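Happy to walk through this one with you. Let's take the side-chain packing by question and answer.

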Amino acid sequence: KEQRKKLEQQEMEEKMRREEMEVDYLAPFLAQIGHQEGQPITREQAFKIKADALADLKQRLIDKANLVQARFEKETSELERKQQWYQDNQLTMTKEDEDEYLAYCSDAMFRIHILEQRLNRHKATAPNKYHELEERLRSDPRLADHIAGR
């Protein structure tokens, strides 16, 4: 058991070390243009990498917003459906059914509130993330000579 704990601890430490090492955010875009390590990047390649990286981030931000929005709409729709069911059946409901309904509504409202917060936070932070990437690209030594100030 002790050896197993040591191995798990070592694996966890190794995982943390790997996560701490910064991932090269340009690697996929450099690979797309067939760039080799140490090889200079042309002006056209630099602009393509910048455009592709920004377009990729923009698409990921849009996808995330759409996903949260879809979940929000689904939860809202389910709650409305359940409320309609309650309206149609409230006269014949047992106390247990009503308690179940109220618990469902409470949980659903909580989930809707959380999704609304996530969506609002995402909408508020997305422009900053885009501008941070723009600045990071502008200051990246591999691209800076070609795209600085643009």
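Q: What makes K82 count as lying over the face of W85?
A: K82 lies over the face of W85 at 5.1 Å from the ring centre. A charge sits over a ring if NZ of Lys or CZ of Arg is within 6 Å of the ring centre and within 35 degrees of the ring normal, so K82 qualifies over W85. R136 likewise lies over the face of Y25, at 3.9 Å from the ring centre.

A word on the basis: this is a predicted model, where local features need pLDDT of at least 70 and side-chain atom pairs count only at pLDDT 80 or more, while totals for chains, interfaces and linings use all residues. Residues are numbered from 1 along each chain as its sequence is written, and side-chain values use heavy atoms, with hydrogens and water left out.

Q: Why is the aromatic pair of Y86 and Y101 called stacked?
A: Their centres are 4.1 Å apart, with 5 degrees between the planes. Rings of Phe, Tyr and Trp (its six-membered ring) pair if their centres lie within 6.5 Å, and planes under 30 degrees apart count as stacked, over 60 as edge-to-face and the rest as tilted.

Q: What does the pair of Y86 and Y101 tie together?
A: Y86 belongs to helix α3 and Y101 to helix α4, so the pair links parts 15 residues apart in sequence. Helices here are DSSP runs (H or I, at least four residues), numbered from the N terminus.

Q: Which residues is I49 in contact with, beyond its neighbours within four places in sequence?
A: L26, F29, L30, I33, I41 and L143, where contact means heavy atoms within 4.5 Å.

Notes: Helix = DSSP H or I, 4+ residues; strand = E, 2+ residues; numbered from the N terminus.
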